[in-house]
Number of protein chains: 2
Amino acid sequence: MSGSIIATRREVADLAGVSEATVSRVLNGVGPIKEETRIRVLDAANQLGYVPSNLARSFARRKSGNIGVVLPYIPKARLFSSYYFSEILSGMGNTVREQGYDLLVLFRSGEETPEYESFFRMQKVDALVVLGAKDEPGEREALRKLRESGHPFIVVNQHFDGENFPEVDVDHEEGSRMAVEHLMDQGYRSIAFLNGPLTYSNSLDRFKGFEKALQQRGLEPDDRLLFEGNFGRRSGYAIGDDIAKRIDEVDAVFVANDRMAVGLLQRLRELLPDQERFPAIVGYDDSDSADICVPPLSSVRVPFYEMGELAARLMLTACEDSSNGAEVFKEHPRYLLQAELIVRDSSKKRTGG
Amino acid sequence: MSGSIIATRREVADLAGVSEATVSRVLNGVGPIKEETRIRVLDAANQLGYVPSNLARSFARRKSGNIGVVLPYIPKARLFSSYYFSEILSGMGNTVREQGYDLLVLFRSGEETPEYESFFRMQKVDALVVLGAKDEPGEREALRKLRESGHPFIVVNQHFDGENFPEVDVDHEEGSRMAVEHLMDQGYRSIAFLNGPLTYSNSLDRFKGFEKALQQRGLEPDDRLLFEGNFGRRSGYAIGDDIAKRIDEVDAVFVANDRMAVGLLQRLRELLPDQERFPAIVGYDDSDSADICVPPLSSVRVPFYEMGELAARLMLTACEDSSNGAEVFKEHPRYLLQAELIVRDSSKKRTGG
DNA sequence: TTGTATGCGTTATCAG
DNA sequence: CTGATAACGCATACAA
């Protein structure tokens, strides 16, 4: 009945026989309130179907109540690893909702050089989570400015060396080391590495892990077995040609993400029907495709969902500290989560002599 | 230099030698303004690095500037078809950004019965896009209330029979019909159907298309060849057992989404190493996994990205019509996009005699 | 414990 | 074309 008519706070106050300020206090649970009036106000509000305007509240408090999420610009939407973002967004969404915050998603446009502070100036967000950033001059500069502005923000899954930005990252070096060590445990020695673009710190981390694993056994990376793709399946497919050429020197391949690994696998299967020569493969991300493909792909699982949770939680606490949000990060600017190796058939020891 | 200090509109006005009202006019491009003062104001604003508060503006205009996106509650994040949401979100995001709007993502909580109107009452959003809705009493009720409230909203990829909700949907009946017709063109006659839960209108549509294709050739669905999964890969895998049992009666299987198709494929490969018996398969969604799996999976491509674009565009125009936003939908409540069949090896005619 | 009064940063109305 | 000025709906310091 009364649900559809819009109720004002004035009406609630009148019906409850109190002032608007008291209504406000009750609804926000601040200040000491006599239980009786509290109930009276609540009743009135309920009866009138009163819903406070979040917008007005935000305005008065000068807090948007939003956590911003910056997503990278993706010309062809299909290109990006949707798994990655879905998981992180889910983690963030579930976390912020518990605290009454919302997620405002901000798609980068392709052209413009990144600029983050205005999201705060416009008061669209109280904190910012930056996803899919690359190590490029414009990005570093934008993030530096953002940090100087003192607003709470965090970079996810990307490390900017020497900047000390607040970051939630994964120990990709260790993840990679484990992967390669596993390959060596299986008896493989000539291990090729198909990496991603070096604008992602991930890629460098993975290389370090790769190198470390080799060195632990007294080996060194062989430049001729190092390849670089762009994380897309097609690039893995294309590099399959190169690897096939050197197949005599290659025991196994460690690939920086599953999508490239899948492409590589496809191409190698076309080129090397001879099972005996087929190299072992370990991918990265443990995405859905890992156990879809044939043979099932060993892969390094990355806790994307948990990264989202953590990033969100950090930003929330930064928002609560009404003081300087950035304070929180002064001590522990970098949070590191652990990856985990999932072993499947693609990297098992060859049975034949 | 001056970038970091927060500039107020007052200062801009002073520097430009005009009133605050004029600053506002210039920045909003409203009313007639002498070109000279316009430039003077713009200069001043630029020089001071003044950024108007979107929050205050929204408050004054009583428009949040946000398009809300309701996402379904997913207990285990990994379960949901991330491809689906990523594409739709990308489509929406790119569209709304062009108009200066933002996307506010609203994760459903598992418990609560859905309630949408309060997002408007709280003035968090100006329009709402509902994703992943199921045909359940609570959902219908919530959407009915929302419509009665007169706020602009749209349901994506789900049809509520008899309600006339504004919807952006795909012609899944035709998509399915094409898929099954294709199978028959290839010479298959005993076609099993692995469908999804019937709480999704999609599933019903697909069944209709399945039935229609058969009837065009004078056939009728065989109840014993109808199966239902939950869209997850595991359910496809499990139903592989059932289908293998009746493999003598099954030529081909039409599967309601790729993930189940992939699961089915895996299980059948385990159970039926005998290539001769292996049924043809057509999946649905044309997700990445379709051409990863072995054999590459024929599938019905669904224009998710375009659905997001369209839904967003509709909501934007509804928001612009400052009158009653819902007016827009009075005439064309349902928008239907077309699916497309992508043929790959999994459904090709058997070469053997 | 509660009421009063003021401010939040814009937009928009109404004179001039 | 431009300048005052009143909302906008709520939070909060200050009074009572």
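Buried means under 20% relative accessible area, exposed over 50%, and partly exposed in between, for a 1.4 Å probe and protein chains only. Helices (H or I, at least four residues) and strands (E, at least two) are DSSP runs numbered from the N terminus.

The model is predicted: local features need pLDDT of at least 70, side-chain atom pairs count only at pLDDT 80 or more, and totals for chains, interfaces and linings use all residues. Residues are numbered from 1 along each chain as its sequence is written, chains are lettered from A and ligands numbered from 1 in the order in which they are written, and side-chain values use heavy atoms, with hydrogens and water left out.

**Exercise 1. Determine whether strand β6 (residues 191-195) of chain B is enclosed or open, and identify its partner strands.**

Step 1. Five of the five residues of β6(B) are buried, so the strand is largely enclosed by the rest of the structure.

Step 2. In a regular strand the side chains alternate between the two faces of the sheet. In β6(B), I191(B), F193(B) and N195(B) point one way, while A192(B) and L194(B) point the other way.

Step 3. Strands pair if DSSP finds at least two bridges between them. β6(B) runs parallel to β8(B) (residues 252-255), to which four bridges join it; here L194(B) stands opposite V255(B).

Step 4. β6(B) is also parallel to β7(B) (residues 226-228), through three bridges, and F193(B) stands opposite L226(B).

**Exercise 2. Characterise the interface between chain A and chain B.**

Step 1. The contact takes 54 residues from chain A and 55 residues from chain B. The buried area (the accessible area, 1.4 Å probe, that two parts lose on being put together, summed over both) is about 4800 Å², and carbon and sulfur atoms give 54% of this area.

Step 2. There are four salt bridges between chain A and chain B, a salt bridge being a side-chain nitrogen of Lys or Arg within 4 Å of a carboxyl oxygen of Asp or Glu. D102(B) forms a salt bridge with K124(A), the closest N and O atoms being 2.5 Å apart.

Step 3. Several elements of chain A, including α4 (54-61) and β2 (102-107), each supply at least two residues of the side that touches chain B. On this side α5(A) gives the most, with nine residues.

Step 4. β2(A) pairs with strand β2 (residues 102-107) of chain B in the antiparallel sense over three bridges. The bridge partner of V105(A) in β2(B) is L103(B).

Technical notes: Contact = heavy atoms within 4.5 Å.
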